[in-house]
Amino acid sequence: MFMDPVSTPERTKISGGKSASGRLFYFMGPSGVGKDTILNTLREIKNGEVFFATRYITRPVTDGGETHIELSKETFQKKRQEGFFAFAWQSHGFFYGISARIFSIMDEGWDVIVNGSRGYFPKAEKVFPDIIPVLVTASEATVLQRLKTRGREPEAEINRRLHRLKNFSIDHKSLIPIENESTPEAAANLFLSKAQRKTSDARLDSCMFEK
Ligand SMILES: Nc1ncnc2c1ncn2[C@@H]1O[C@H](COP(=O)(O)OP(=O)(O)O)[C@@H](O)[C@H]1O
Ligand SMILES: O=P(O)(O)OC[C@H]1O[C@H](OP(=O)(O)OP(=O)(O)O)[C@H](O)[C@@H]1O
């Protein structure tokens, strides 16, 4: 299935505030740690304006999980060559991409959130040096339980994903670490509090915290 990205409701407009220039938050963390769940919780919080980038993936939409745009491998590679993607990587036997639209969205003043890969992060940082990494973590036991509960992958694939759990260390001056051992709401609010701008033009962030 292919959906026209222009008609995709990626943007969640909540309260009407805009900052001068948008920031790029790059969520990452091991499979099953809860990234999608936290992002869905963030979407539901009605007190901010953020652009959530939809992912283009060669994984069938029928596999469940996040709402992504499914592309065939051929279409993905064609779009990649045409410069359609800001970020593109390969993992778990699939191709993943984030549209280059995020750059014009940020130019318009929107903060952007993408769901990325730890393995790809060094390249993403080269593409956009002001990127703000957000690393979601939980214990191995918690992640294993969550992968089993989600039930999207067979056991062998769950074991492969667990194997990648601790294979990355992210050392970055702007890193926002988010431990997701409590509720998704707690993790989402932790992110919002850490993402608050320190400067006085924090219109977006003050909107985020309006009750
Ligand atoms: N804080 C949490 N508490 C309980 N269950 C969670 C929490 N965060 C995520 N989950 C569950 O864990 C599973 C994996 O979460 P998901 O968001 O798909 O992870 P990821 O996107 O990182 O692979 C899902 O079944 C989800 O409902
Ligand atoms: O380099 P890593 O940090 O290990 O990440 C590899 C890939 O795994 C996750 O995707 P995907 O949505 O397929 O998996 P998940 O839903 O199980 O996290 C993540 O978003 C990356 O695309």
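Trainee: Which helices each supply at least two residues of the shell around ligand 1?

Mentor: This is a predicted model, in which local features need pLDDT of at least 70 and side-chain atom pairs count only at pLDDT 80 or more, while totals for chains, interfaces and linings use all residues. Residues are numbered from 1 along each chain as its sequence is written, and chains are lettered from A and ligands numbered from 1 in the order in which they are written. Helices (H or I, at least four residues) and strands (E, at least two) are DSSP runs numbered from the N terminus. On that basis, the helices that each give at least two residues to the shell around ligand 1 are α1 (35-44), α5 (140-150) and α7 (184-194).

Trainee: How many residues surround ligand 1, and which are the closest?

Mentor: A residue is near a molecule if its C-beta atom, placed from the backbone, lies within 6 Å of it. The shell around ligand 1 has 16 residues, and the closest are Gly-34, Lys-35, Asp-36, Thr-37 and Arg-146.

Trainee: How is α1 oriented relative to α7?

Mentor: Two packed helices are described by the angle between their axes and the distance between the axes. Axes are lines fitted to C-alpha atoms, for helices over the stretch in contact, and angles run from 0 to 180 degrees between N-to-C directions. For α1 and α7 the angle is about 70°, and the axes are 9 Å apart. Since angles under 35 degrees count as roughly parallel, over 145 as roughly antiparallel, 65 to 115 as roughly perpendicular and the rest as oblique, α1 is to α7 roughly perpendicular.

Trainee: Are the residues of strand β8 buried or exposed?

Mentor: A residue is buried if 20 or more other C-beta atoms lie within 10 Å of its own, exposed if 12 or fewer, and partly exposed in between, with C-beta atoms placed from the backbone. From β8, Asp-111, Ile-113 and Asn-115 point one way, whereas Val-112 and Val-114 point the other way. In β8 (residues 111-115), five of the five residues are buried.

Trainee: Which residue stands opposite Val-114 in β8?

Mentor: Two strands pair if DSSP finds at least two bridges between them, and four bridges join β2 (residues 24-28) to β8, the two running parallel. Opposite Val-114 in β8 stands Tyr-26.

Trainee: Why does Gln-196 count as exposed?

Mentor: Gln-196 lies in the loop between α7 and α8 (203-208). Gln-196 counts as exposed because the number of its C-beta neighbours inside 10 Å is 12.
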